[in-house]
Amino acid sequence: DTQQLGRVAQAALLTLEEDPVCVVFGTGGSEKEGRMEGEFTRDFLLANFHRLALFDAFAGVDLKRLEQRMRECSVAETKSQNTIQELEQCGSIMQLRGVQRLIIVSSPTHLP
């Protein structure tokens, strides 16, 4: 199904629906193209935000406004070397920003 949202597009949709304090892109020690995964993923989303218009879930959405909101509230976690450290680092980021509630967006291969 080409309309099924992946975790990055799902995070953008949740940003629209939930208006979060922050959106954290985790790393867990993974690298992509020589950069930590959280930074790579955030930058990829922002560089390709216009492509979200291809998904029915974003029909009628002001993507420019949503992109601006994502730029304001998203942060890349880049210090962790494993999943435990990733959770600790993300927890610190959220605590500093006063997050009271969180939604984890992942994929089936990342969560048991």
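Trainee: Hi! Which backbone nitrogen does the side chain of serine 80 reach?

Mentor: The side chain of serine 80 reaches the backbone nitrogen of glycine 28, at 2.9 Å. Keep in mind that this is a predicted model, where local features need pLDDT of at least 70, side-chain atom pairs count only at pLDDT 80 or more, and totals for chains, interfaces and linings use all residues. Residues are numbered from 1 along each chain as its sequence is written, and side-chain values use heavy atoms, with hydrogens and water left out.

Trainee: Got it. Is serine 80 buried or exposed?

Mentor: Serine 80 is buried, because its relative accessibility is 0%; buried means under 20% relative accessible area, with a 1.4 Å probe and protein chains only.

Trainee: And what does serine 80 touch?

Mentor: Leaving out residues up to four places away in sequence, serine 80 touches Thr27, Gly28, Gly29, Met36, Gln85, Glu86 and Gln89. Touching here means heavy atoms within 4.5 Å.

Trainee: Switching topic: which residues line the second largest pocket?

Mentor: Its lining is Gly6, Arg7, Val8, Ala9, Phe44, Leu45, Asn48, Phe49, Arg51, Leu52, Leu54 and Phe55. A pocket is an open set of points on a 1 Å grid over the protein atoms alone, where a 1.4 Å probe fits, with protein on both sides within 12 Å along at least five of seven lines; lining residues have an atom within 4 Å of a point.

Trainee: How do the residues of that lining divide?

Mentor: The lining of the second largest pocket has 8 nonpolar, 2 polar and 2 charged residues. Gly counts as polar there, and Arg as charged.

Technical notes:
Buried means under 20% relative accessible area, exposed over 50%, partly exposed in between (1.4 Å probe, protein chains only). A polar contact is a pair of N or O atoms within 3.5 Å; within protein, one must be able to donate a hydrogen and the other to accept it, and residues adjacent in sequence count only if both atoms are side-chain atoms.
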